[in-house]
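Let's read a protein structure together, one feature at a time. Have the picture open as we talk.

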Amino acid sequence: MAFATLYTPAGLPLAVLSLRHVLPLRGAWYYTAEIDATDDECPAAGARVRLEMAGREWSGYVVRSQPWAGRARLRVEAGAGGMRASVPARAYQSALLATIAAQAVTDAGETLAADALASLDVVAQHHRAAGPAGVALTTALSSGSYAWRFTDAGEVWWGAESWPAASDA
């Protein structure tokens with residue numbers, strides 16, 4: 001039995017032989033996995049896949065796929081494109097911060113998490129430069145001191161960071 005299972009777009013379960021999973025505080029999570037798969041079973045670059053491990057599930061897309069000799073090495077990133085898509089320049093005047101952020105996410109082809117902060121902060125003027133959506137979102141949210149990242153489901157969340165109080169133990 002494998003310690004983790006990767007599911008292809010067709011729902012085919014593939015055993016994960018090794019895995020390096022990076023979960024950053026901000027931005028897109030990603031992992032590199034070696035899977036037990038024939039060339040025909042191996043998901044292609046751009047395919048949506050799902051990883052199950054230790055009772056958790058991550059949904060992302062294949063950035064790179066390298067099959068060889070009944071195995072494959074995959075690089076998978078959160079969401080549909082990891083907020084790497086280029087977004088056009090845009091100007092805002094008297095706009096809600098939540099609107100500016102949501103447009104950066106949807107313009108990148110990503111899905112907004114239902115629990116993302118619906119900030120009522122109003123931004124007098126904001127000019128979004130053309131470029132990577134992740135940069136546009138980071139720039140917009142910095143005015144309100146908010147952070148963003150991808151959820152396990154591959155959706156974009158943003159809000160104020162909160163941490164539990166440390167015990168004196």
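Q: Which strands form a hairpin with two residues between them, and where is the positive phi in the turn?
A: Strands here are DSSP runs of type E with at least two residues, helices are runs of H or I with at least four residues, and both are numbered from the N terminus. Two strands pair if DSSP finds at least two bridges between them. In this structure, β4 and β5 make a hairpin with two residues between them, and A54 in the turn has a positive phi of about 50°. The pairing of β4 (residues 48-53) with β5 is antiparallel, over six bridges. Within it, L51 stands opposite W58 of β5.

Q: Before we go on, what kind of model is this?
A: This is a predicted model: local features need pLDDT of at least 70, side-chain atom pairs count only at pLDDT 80 or more, and totals for chains, interfaces and linings use all residues. Residues are numbered from 1 along each chain as its sequence is written, and side-chain values use heavy atoms, with hydrogens and water left out.

Q: How many bridges join β5 and β6?
A: Strand β5 pairs with β6 (residues 71-78) in the antiparallel sense over eight bridges. One place to look is Y61, whose bridge partner in β6 is E77. The hairpin of β5 and β6 also has two residues between the strands, and there A69 takes a positive phi near 45°.

Q: What do the strands build, and in which order do they run?
A: Six strands form a closed barrel in the order β1-β2-β3-β6-β5-β4, with antiparallel pairing. From one strand to the next, the twist averages 40°; such angles run from 0 to 180 degrees between N-to-C directions, with axes as lines fitted to C-alpha atoms.

Q: Is S59 buried or exposed?
A: Buried means under 20% relative accessible area, exposed over 50%, and partly exposed in between, using a 1.4 Å probe and protein chains only. S59 lies in β5 (residues 56-68), and because its relative accessibility is 19%, S59 counts as buried. Its side chain makes a polar contact of 3.3 Å with that of R48.

Q: How do I describe aromatic pairs?
A: A pair of aromatic rings is described by the distance of the centres and the angle of the planes. Rings of Phe, Tyr and Trp (its six-membered ring) pair if their centres lie within 6.5 Å; planes under 30 degrees apart are stacked, over 60 edge-to-face, and the rest tilted. This structure holds two such pairs. The ring centres of W29 and Y31 are 6.0 Å apart with planes at 5°, so this pair is stacked. W148 and F150 form an edge-to-face pair, 6.0 Å centre to centre with 65° between the planes. W148 is buried at 8% relative accessibility, and F150 is buried at 5%.

Q: Which residues have the most contacts inside the largest nonpolar core?
A: In soluble globular proteins, nonpolar side chains tend to be buried together. A nonpolar core is a set of buried Ala, Val, Leu, Ile, Met, Phe, Trp, Tyr and Cys residues joined through side-chain atoms within 4.5 Å. The largest one here has 45 residues, and I35, M83, L137 and W158 have the most contacts inside it. Helix α1 (residues 97-107) gives the most to this core, with seven residues. Buried residues of α1 include L97, A98 and I100. Just after α1, G109 takes a positive phi of about 80°.

How values were computed:
A polar contact is a pair of N or O atoms within 3.5 Å; within protein, one must be able to donate a hydrogen and the other to accept it, and residues adjacent in sequence count only if both atoms are side-chain atoms.
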